[in-house]
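Hi! Take the points in order and find each residue as you go.

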Amino acid sequence: MMKKGFMLLIAAIGLSLFLVGCSKEKDDFGIGKAQKIEVVSADNPEVVLHVIENKDEVHGFVEKLKINKWSAEDLPSDATKGAMYKLYQEDTVKLGESKTDEKGLKQIATMITYKDRPFIKLSTKKTNFEL
């Protein structure tokens, strides 16, 4: 009886450690998972100026943002929009679906930069920041 209780305790601790390890994520607001980035005109978001789809280039773009060093600031009222970036990721495979099912890319974030100002507006499904 004691042995069974001890084994259950060890299993519960192991499962807890596994789940905590799985939830560890960089503080990048989820944009580190981006697989495609569209650079669009801030004035006309339907006009795509450039597309970044190469895995290394997307990763390099996200790394250069140095998100962990950002701080929240109020955007000046006279700030003029520069470029807009739309970040996309393949939809998550859900229970009962196979990895081979056709999955399209879904937009996970929008980032707006400003001309002559060191500000960025980042919008994700969970957050909306002016930095």
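1. One term before we start: a residue is buried if its relative accessible area is under 20%, exposed if over 50%, and partly exposed in between, using a 1.4 Å probe and protein chains only. Keep in mind that this is a predicted model, so local features need pLDDT of at least 70 and side-chain atom pairs count only at pLDDT 80 or more, while totals for chains, interfaces and linings use all residues. Residues are numbered from 1 along each chain as its sequence is written, and side-chain values use heavy atoms, with hydrogens and water left out.

2. The protein chain has two helices and six strands, and from the N terminus on they run α-β-β-α-β-β-β-β. Helices (H or I, at least four residues) and strands (E, at least two) are DSSP runs, numbered from the N terminus.

3. Now the whole-chain numbers. Of the 131 residues of the protein chain, 30% count as buried. The chain exposes about 9800 Å², and carbon and sulfur atoms supply 55% of that; these areas come from the Shrake-Rupley method with a 1.4 Å probe, and for residues only the protein chains shown count as cover. A contact means heavy atoms within 4.5 Å. Among contacts between residues at least 6 apart in sequence, 53% join residues at least 24 apart.

4. Have a look at β1 (36–41). Two strands pair if DSSP finds at least two bridges between them. β1 pairs with β2 (residues 48–52) in the antiparallel sense over four bridges, and the two form a hairpin with six residues between them. β1 also pairs with β3, again antiparallel, over six bridges. To find your place, Glu-38 stands opposite Val-51 in β2, and Ser-41 stands opposite Ala-83 in β3. Why is β1 largely enclosed by the rest of the structure? Because six of its six residues are buried.

5. Next, the inside. A nonpolar core is a set of buried Ala, Val, Leu, Ile, Met, Phe, Trp, Tyr and Cys residues joined through side-chain atoms within 4.5 Å. The largest one has 18 residues, and those touching the most other members are Ile-31, Ile-37, Phe-61, Tyr-85, Leu-87 and Met-111. The elements giving two or more residues to this core are β1, α2, β3, β4 and β5, with α2 giving the most, four residues. There is also a second, separate core of six residues, which includes Val-40, Ala-79, Met-84 and Tyr-114.

6. Leaving aside its neighbours within four places in sequence, Ile-31 is in contact with residues including Val-62, Leu-87, Ile-108 and Leu-122. Gly-30 sits in the loop between α1 (2–23) and β1, and Gly-30 is buried, with a relative accessible area of 17%. Gly-30 and Gln-89 are 59 residues apart in sequence and 9.9 Å apart in space, C-alpha to C-alpha.

7. How many aromatic pairs does the structure hold? One. Phe-61 and Tyr-85 form a tilted pair, 5.3 Å centre to centre with 45° between the planes. It links distant parts of the chain, with Phe-61 in helix α2 and Tyr-85 in strand β3, 24 residues apart. Both residues are buried. For the rule: rings of Phe, Tyr and Trp (its six-membered ring) pair if their centres lie within 6.5 Å; planes under 30 degrees apart count as stacked, over 60 as edge-to-face and the rest as tilted.

8. Now the charges. A salt bridge is a side-chain nitrogen of Lys or Arg within 4 Å of a carboxyl oxygen of Asp or Glu, and the structure holds two. In one, Glu-38 meets Lys-36, the closest N and O atoms being 3.5 Å apart. Glu-38 counts as buried at 12% relative accessibility, and Lys-36 does too, at 18%. In the other, Asp-78 meets Arg-117 at 2.8 Å, N to O. That pair links distant parts of the chain, 39 residues apart: Asp-78 is in the loop between α2 (55–65) and β3 (80–90), and Arg-117 in the loop between β4 and β5. Arg-117 is partly exposed, at 29%.

9. Last stop, Asp-116. Most residues other than glycine have a negative phi. Phi of Asp-116, however, is near 55°, a positive value. Asp-116 lies in the loop between β4 (105–115) and β5 (120–124) and is exposed, with a relative accessible area of 80%.
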